[in-house]
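Here are my notes after a look through the model.

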Amino acid sequence: GEQAGAYLAKLKPNLHSVSPSWSTAYGLFKKKEAKIVLSYLTSPLYHKVAENDDGFEAAVFTQGHVAHVEYAAIPAACTSCKRAEEFLEFLLQAESQTRLMELNYMLPVSLAPAAGSPFAELAKPKILPHPAASREELLAVWKAVFSP
């Protein structure tokens, strides 16, 4: 929101580092070079299932969480629109959503595939509305606080 800059300025003294990518940040966290990392709600589930390690926990913020949403769409200039529509329909099928959920450790479009799976046990935090600011405006606020 409008107070993002003030919030980031308060947060800055508590930061160990700002990494160039999620992978870099998560690597520091895994090597115990950072105490906490901003990651995905599903990260602890990945460690539990894929690595048999239940030593990770998601922090659920009372204010809510920002959702990371990945989209699939058909461009206006498509040349094989019928095939594109078929592919989108395929992606939305329960079986496809289940496979994406299990292979990528991400929540499906519909939570139905998660029922009865370890995904159903994940915390269900409040989702914050998407900021109205553009990416450029958000980056400008970030740079104002964190640039030397």
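1. Of the contacts in the protein chain between residues at least 6 apart in sequence, 45% join residues at least 24 apart; contact here means heavy atoms within 4.5 Å. Bear in mind that this is a predicted model, where local features need pLDDT of at least 70, side-chain atom pairs count only at pLDDT 80 or more, and totals for chains, interfaces and linings use all residues. Residues are numbered from 1 along each chain as its sequence is written, and side-chain values use heavy atoms, with hydrogens and water left out.

2. On secondary structure, the protein chain has 6 helices and 0 strands, giving the pattern α-α-α-α-α-α along the sequence. Helices (H or I, at least four residues) and strands (E, at least two) are DSSP runs, numbered from the N terminus.

3. Next, overall dimensions. The protein chain has a radius of gyration of 19 Å, whereas a compact globule of 148 residues would come in near 15 Å. That radius is taken over C-alpha atoms, and the globule rule is 2.2 Å times the number of residues to the power 0.38. Along the principal axes, the C-alpha atoms fill a box of roughly 50 × 45 × 25 Å.

4. Now burial and surface. Buried residues are 19% of the 148 in the protein chain, where buried means under 20% relative accessible area, exposed over 50%, and partly exposed in between (1.4 Å probe, protein chains only). The accessible surface of the protein chain is about 11,700 Å², and 58% of that belongs to carbon and sulfur atoms. Areas are from the Shrake-Rupley method with a 1.4 Å probe; for residues, only the protein chains shown count as cover.

5. How do helix H1 (residues 4-11) and helix H6 (residues 135-146) pack? Their angle is about 35° and their axes are 9 Å apart, with H1 passing H6 in a right-handed crossing. Ala4, Gly5, Leu8 and Ala9 of H1 make the contact with Val141, Trp142, Val145 and Phe146 of H6. Those residues divide into 7 nonpolar, 1 polar and no charged. For the record, axes are lines fitted to C-alpha atoms, for helices over the stretch in contact, with angles from 0 to 180 degrees between N-to-C directions. A crossing is right-handed if the near helix is turned clockwise from the far one by less than a right angle, left-handed if anticlockwise. Ala, Val, Leu, Ile, Met, Phe, Trp, Tyr, Cys and Pro count as nonpolar, Asp, Glu, Lys and Arg as charged, and the others, Gly among them, as polar.

6. Have a look at Pro44, which lies in helix H3 (residues 43-50). Pro44 is buried at 17% relative accessible area, and the buried residues of H3 are Ser43, Pro44, Leu45 and His47. Their cover includes helix H2 (22-30). Setting aside neighbours within four places in sequence, Pro44 is in contact with Phe56, Glu57 and Ala58.

7. Last, some backbone angles worth checking. Most residues other than glycine have a negative phi. Lys32, in the loop between H2 and H3, has a positive phi near 65° and counts as exposed at 74% relative accessibility. Tyr105, in the loop between helix H5 (94-104) and H6, has a positive phi near 50°, but counts as buried at 15%. Asn52, which follows H3, also has a positive phi, near 55°.
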